[in-house]
Amino acid sequence: ALAFADSNGAGDITFTPCPPSQCAGAETQAQLIAGVRTVQAQGRKVLISIGGANGQVTLNSASDASEFVSTVSSIVDTYGLNGIDLDFENQSLVLNAGDNDFMHPTTPAVVNLISAVQQLKAKYGSGFIVAMAPQTFFVQTGYEYYGGNNSGSSDRRTGSWLPVIYGLRNQLNLLDVQDYNSGPVMALDNQYYFTGGEDFLTAMTDMLLHGFPVAGTGETFPALSPGQV
């Protein structure tokens with residue numbers, strides 16, 4: 001993954017190699033492109049990772065989604081990439097009050113992100129890779145709390161990636177939840193697990209492979225296939 005592409009505002013996504021004045025010995029754009037070709041010739045895939053810990057991408061309108069598709073396509077075409085890795089953190093996805101149905105989300109930032117990725121997949125075809133790397137706070141935590149609804153959480157970001165994952169379940173190639181950047185999370189046995197050991201890794205993966213009820217919604221987040229996790 002090339003990291004990170006970031007937003008200049010809404011859907012305007014840019015990726016600029018670090019200039020030599022800031023990063024001594026950094027590769028030029030031409031060298032990066034040549035490097036992409038080298039690893040692709042070895043049979044590996046290269047994605048552009050969008051967001052990161054310091055990035056924020058929020059698509060509040062259909063025009064934002066169109067701009068996202070256009071600017072991400074420009075990066076993909078320039079570098080000859082095989083797909084995208086969505087790594088939105090912080091305040092990028094905040095569920096609106098009353099948006100309690102992850103199967104039918106109403107929050108514009110969620111709806112437009114799903115639409116934008118579907119447009120990219122349709123544009124480049126089935127071989128275009130869609131990967132995601134959200135934190136557990138945005139995924140598995142939805143078992144205990146979801147979106148600041150009546151499940152007891154006051155943070156409307158809890159579980160906020162569940163509608164995105166569900167909405168893109170047919171386009172998703174790989175969900176790589178950050179099992180390292182997490183507080184304690186309640187798993188399917190209603191026990192809390194902590195990072196740093198195999199029990200946490202097993203419990204968090206188990207939730208994705210078996211599915212889990214989403215707090216306060218009466219709905220169950222369906223299991224993903226092993227190949228997607």
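## A buried glutamine to start

Gln135 is buried, because its relative accessible area is 14% and the cut-off for buried is under 20%. Keep in mind as you look around that this is a predicted model. You'll find Gln135 in the loop between β5 and α4 (162-167). What does Gln135 touch, leaving aside its neighbours within four places in sequence? Its contacts are Glu89, Val177, Gln178 and Asn181.

## The sheet as a whole

Now zoom out to the sheet. Six strands, written 6 in the count, form an open sheet, and their order is β2-β1-β3-β4-β5-β6, with mixed pairing. Which strands sit at the edges? They are β2 (13-14) and β6 (174-175), each of which pairs on one side only. As a general point, strands of a sheet pair through backbone hydrogen bonds, either parallel or antiparallel.

Over by β6, the pairing with β5 is parallel and takes in 2 bridges. If you want a spot to look at there, find Ala131, which stands opposite Leu174 in β6.

## Strand β4 and its two partners

## Helices that link the strands

How do you get from one of these strands to the next? From β3, helix α2 (residues 62-79) leads on to β4, and the three make a right-handed β-α-β unit. Then β4, helix α3 (residues 108-124) and β5 make a right-handed β-α-β unit as well. Helix α3 lies across β4 and β5, running at about 165 degrees to β4.

## The nonpolar core

In soluble globular proteins, nonpolar side chains tend to be buried together. In this model, the largest nonpolar core has 62 residues. Which residues have the most contacts inside it? They are Ile50, Phe68, Leu86 and Trp161.

Take Ile50 and look at what surrounds it. Not counting residues up to four places away in sequence, Ile50 touches a list of residues that includes Ala5, Ile13, Val57, Phe68 and Val72.

Pro17 lies in the loop between β2 and α1 (29-41). Is Pro17 buried or exposed? It counts as buried, because its relative accessible area is 18%. Its contacts, not counting residues up to four places away in sequence, are Glu27, Gln29, Leu32 and Tyr79. Pro17 and Leu2 are 15 residues apart in sequence, and their C-alpha atoms are 9.6 Å apart in space.

A disulfide is a covalent bond between the sulfur atoms of two cysteines. The structure holds 1 of them: Cys18 and Cys23, with their sulfur atoms 1.9 Å apart. The torsion about the S-S bond is about 75 degrees, so this disulfide is right-handed. Cys18 is partly exposed, with a relative accessible area of 28%, and Cys23 is partly exposed at 29%.

Most residues other than glycine have a negative phi, and most peptide bonds are trans. Where does a cis peptide bond turn up here? It joins Ala3 and Phe4, with omega about -5 degrees, and Phe4 lies in strand β1 (residues 2-7).

Asn90, in the loop between β4 and α3, has a positive phi near 55 degrees. Its relative accessible area is 33%, so Asn90 is partly exposed. Asn190, in the loop between β7 (185-186) and β8 (192-193), has a positive phi near 60 degrees. It counts as partly exposed because its relative accessibility is 45%.

Terms used. Residues are numbered from 1 along each chain as its sequence is written. This is a predicted model: local features need pLDDT of at least 70, side-chain atom pairs count only at pLDDT 80 or more; totals for chains, interfaces and linings use all residues. Side-chain values use heavy atoms; hydrogens and water are left out. A crossover is right-handed if, with the strands pointing away from the viewer, the path from the first strand over the helix to the second runs clockwise. Helices (H or I, at least four residues) and strands (E, at least two) are DSSP runs, numbered from the N terminus. Buried means under 20% relative accessible area, exposed over 50%, partly exposed in between (1.4 Å probe, protein chains only). A nonpolar core is a set of buried Ala, Val, Leu, Ile, Met, Phe, Trp, Tyr and Cys residues joined through side-chain atoms within 4.5 Å. Contact means heavy atoms within 4.5 Å. A disulfide is a pair of cysteine sulfur atoms within 2.5 Å. Two strands pair if DSSP finds at least two bridges between them. Axes are lines fitted to C-alpha atoms, for helices over the stretch in contact, and angles run from 0 to 180 degrees between N-to-C directions.
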